Amino acid sequence: MTVKGKYLRIALGIVVIGALIIVPMNFNRYGLYILSQWAVMTIAAMGLNLTLGYAGQVSLAQGAFVGIGAYAAAIMTTQGMPLIAALSVAVVLCFAIGWILGYPALRVQHHYLAFVTLAFSTLAFLVFRNEDWLTKGIYGISNIPRPNVMGFATNRPLPFYYFCLGSLGIVSLAMWWLIRSPWGRAFIALRENPVRALSLGIDTRRYTLMAFAIGSALGGVAGTLYAPLTQYIDPVPFNLSLSLDLLMMVIVGGSGFFFGPFLGAMIAVLLPEWLRFTQGYYLMLYAVAVMLLLIYSPTGILGILDRYLAARRTKAASALRAVTKSKLETAS
Amino acid sequence: MKSGIFAALLLVAMSASGAFAQGAPIKLADVAELSGGGATVGNNWKNGIDLAIEEINAKGGLLGRKLEVTHADSQSNPGVARAQVQKALDNEPYVLLGPGYSGSVKVTSPLAAEAGITQIMGGEAAELTQGGNKFLFRTSFGQQSSMPKVAKYVNDELKAKSVAIVWVNNDFGKGGRDVMTKEFAKYNIKVAADISTEAGQADFAADVSKIKAAAPDAVFIYLNEEESARILKELKRQAIAVPLVGETTLVGQKVVELAGDAANGARGHVGLTTDAPVDLVKAFREKFVKKYNYVPDHNGLKGYLAIYMVKATTEKMGKVDAKKFADTLHGLTIKAASEPGILMDVTFDEKGDIDRQGFLVEIVEGKQVVKQVLPKLN
């Protein structure tokens, strides 16, 4: 059963990845743009999933980190530097700022922490808007070039989509490894019971900071892809609503599940587009759909699957128990 | 007999399908700020477009074909605007309308230019038409043409030596402030105070105190309508008596309604306003109010004009030709006498900027009074 399940899962994974590569070949530019956006937002949401879902720290600053990454990419690549250099700067910068922002998390929890990160989010927005000399303020930065990857230009929508998908693949593998490493287990221990984690010798202080820093760095990675995707950035997309959007993606997808951000970003990016045929009502319907989902399953989409699997396991176990019990009874 | 009816039916069906092929609707695509921070801008723009299309279709359409428009919401976000414009362009519209925010125009105009489709937009930032884009057209004055008129007025008529500038910190306000600061420098007018405010700001007491401390000869106010009314009230409360000058928003009807007495004495340049002393504009305003039950701002006018730009250009070409559209519109003068929908005579230059008459107005006892008509340049 388990071996069969494992092969089934691998087969499913291959089908999904294959579909993500092959199906978009026939998409128009709009479809490719939306899919690229999905890949970028998934990366940002994965970062938040690490901070929130695995380490249990509420952050309303993920949008600001996407902004920092985007501005790093926009400023550096318009000066003629390669995107990979911008990526390193964004990751280092976001990691460092995330680490510093993690300090309040050592002192405050839950909604208090949310407020601290909310303040940071507003601060970042003001810096993007008011520091004209660096960010060109409200006018924004235009003509952001798309990178050449190993000699291939990604100016056209399809190559750029593959570039985003490839980046998502790399980030996913790294994340897969991370949450299975001792670090990942420490993060989960931190979420489940910080006192017990501390008593077991986990340095909760360091791991809290680390969860924040790595999550933020992934926000930066998403940002460095966002800038060449839209090829123009101004401060407005990186205000609080992006942070709230990302938070919603994590929660709707299933916070603490590896594939949660993939599904959450799909809902947040694609569902409004599918609902556009309803004209003026699409944002309302989208909001209602999200509310209904969370009422039905507070643990998100993957929570439904999890509940179903758990129920099946319980059923199998109780069936087994019944059989054993009857056997024991006849024996006696 | 039976076969006769059948033949007649066939004939009707054939002629109907023939008419259909000839009169397939002309598809236009609009991408605007229908939700988010720019919702007022986008919805006014959209309603203006719908009104104009309804009128044209009621009169038999354009060259015998109906106009059809799809509206898409950019959520006031440039990233979303880009996606929606891409989607619109994939469907190959005749002309692209919108967006209204300058940032969203910047992100989308290269896409339209690449597709060779003309974009008629609402953005007012000076730089939009300075990048050599051959497919981009304004519906209103860019700030580079309206601000010099205000600066000239402040220098020649008010003879001010120092001014305080109050502006709203978004691309509209900042753009206006930057052009204005340069213009004042040309006349050696000193900027005594440079005050940035937030969109939606409610309390202007601190900002007005700063103006008072700077003691300028005039105050230039460049805010949205609601905020303009609030600052006018505060200026009156703190008894600041120097001339108050603005551009379009400060002397709008909505400001007069909201600020009451405090609006008296405010003056400014108005390019496009429903209060313009032009009969066609007044008639437009009545039609708009009848359909939507509110008085539109200049964005409603812009959307309406965009459609009549399409009509006039197409009639000039004598056919629906997306490729030649931009070429035809460059350098075109549309007269209100022959195309009443354009409301006022207008000329488009090689950059896609417009030339049209403007007005210097002052609020006297709660009414807009036109002090001077600034004629069309060419």
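With its neighbours within four places in sequence left aside, which residues is Ile144(A) in contact with? In this predicted model, they are Ala74(A), Thr77(A), Thr78(A), Ala227(A), Pro228(A), Gln231(A) and Tyr232(A), where two residues are in contact if their C-beta atoms, placed from the backbone, lie within 7 Å.

## Basis of the model

Residues are numbered from 1 along each chain as its sequence is written, and chains are lettered from A and ligands numbered from 1 in the order in which they are written. The model is a predicted one, in which local features need pLDDT of at least 70 and side-chain atom pairs count only at pLDDT 80 or more, whereas totals for chains, interfaces and linings use all residues.

Ile144(A) is found in the loop between helix H6 (132-135) and strand E1 (148-149) of chain A; helices (H or I, at least four residues) and strands (E, at least two) are DSSP runs, numbered from the N terminus. Ile144(A) is buried, with 23 other C-beta atoms within 10 Å, a residue being buried if 20 or more other C-beta atoms lie within 10 Å of its own, exposed if 12 or fewer, and partly exposed in between, with C-beta atoms placed from the backbone. Between Ile144(A) and Gln79(A), 65 residues apart in sequence, the C-alpha to C-alpha distance is 9.6 Å.

Gln231(A), one of the contacts of Ile144(A), lies in the loop between helix H10 (204-230) and helix H11 (240-253) of chain A. Most residues other than glycine have a negative phi, and most peptide bonds are trans. Gln231(A), although not a glycine, has a positive phi of about 60 degrees, and it is buried, with 21 other C-beta atoms within 10 Å.

## Where the chains meet

Between the two chains, 18 residues of chain A are in contact with 16 residues of chain B. Helix H2 (residues 29-54) of chain A supplies the largest share of the side of chain A that touches chain B, namely 4 residues. That side of chain A has 9 nonpolar, 6 polar and 3 charged residues, where Ala, Val, Leu, Ile, Met, Phe, Trp, Tyr, Cys and Pro count as nonpolar, Asp, Glu, Lys and Arg as charged, and the others, Gly among them, as polar.

## Domains of chain B

UniProt, in an unreviewed entry, places the feature "domain: Leucine-binding protein" at residues 25-366 of chain B; its positions are given in the numbering used here, feature names are shortened, and annotations may be inferred rather than shown by experiment. The end C-alpha atoms of residues 25-366 of chain B lie 46 Å apart, and the span is 44% helix and 19% strand.

The domain assignment of chain B gives domain 1 (23-141 + 277-356) and domain 2 (144-270), with bounds that come from an automatic or database domain assignment. Taken over C-alpha atoms, the centres of domain 1 and domain 2 of chain B are separated by 29 Å. In chain B, 11 residues of domain 1 are in contact with 11 residues of domain 2, and the side of domain 1 that touches domain 2 divides into 5 nonpolar, 3 polar and 3 charged residues.

Ala32(B) is found in strand E1 (residues 26-32) of chain B and is buried, with 31 other C-beta atoms within 10 Å. Apart from its neighbours within four places in sequence, the contacts of Ala32(B) include Trp45(B), His71(B), Gly98(B) and Pro99(B). A cis peptide bond, with omega of about -10 degrees, joins Gly98(B) and Pro99(B).

Ser76(B) lies in the loop between strand E2 (67-73) and helix H3 (78-90) of chain B. Ser76(B) has a positive phi, near 60 degrees, in a residue other than glycine, and is buried, with 24 other C-beta atoms within 10 Å.

## Helix H12 of chain B

In helix H12 (residues 322-329) of chain B, Phe325(B), Ala326(B) and Leu329(B) are buried. Seen down the axis of H12(B), these buried residues fall within an arc of 85 degrees, so they line one face of the helix; the arc is that of the directions from the helix axis to the C-beta atoms. Their cover includes strand E3 (95-97), strand E5 (136-138), helix H11 (298-317) and strand E12 (346-348) of chain B. Just after H12(B), Gly331(B) takes a positive phi of about 80 degrees.
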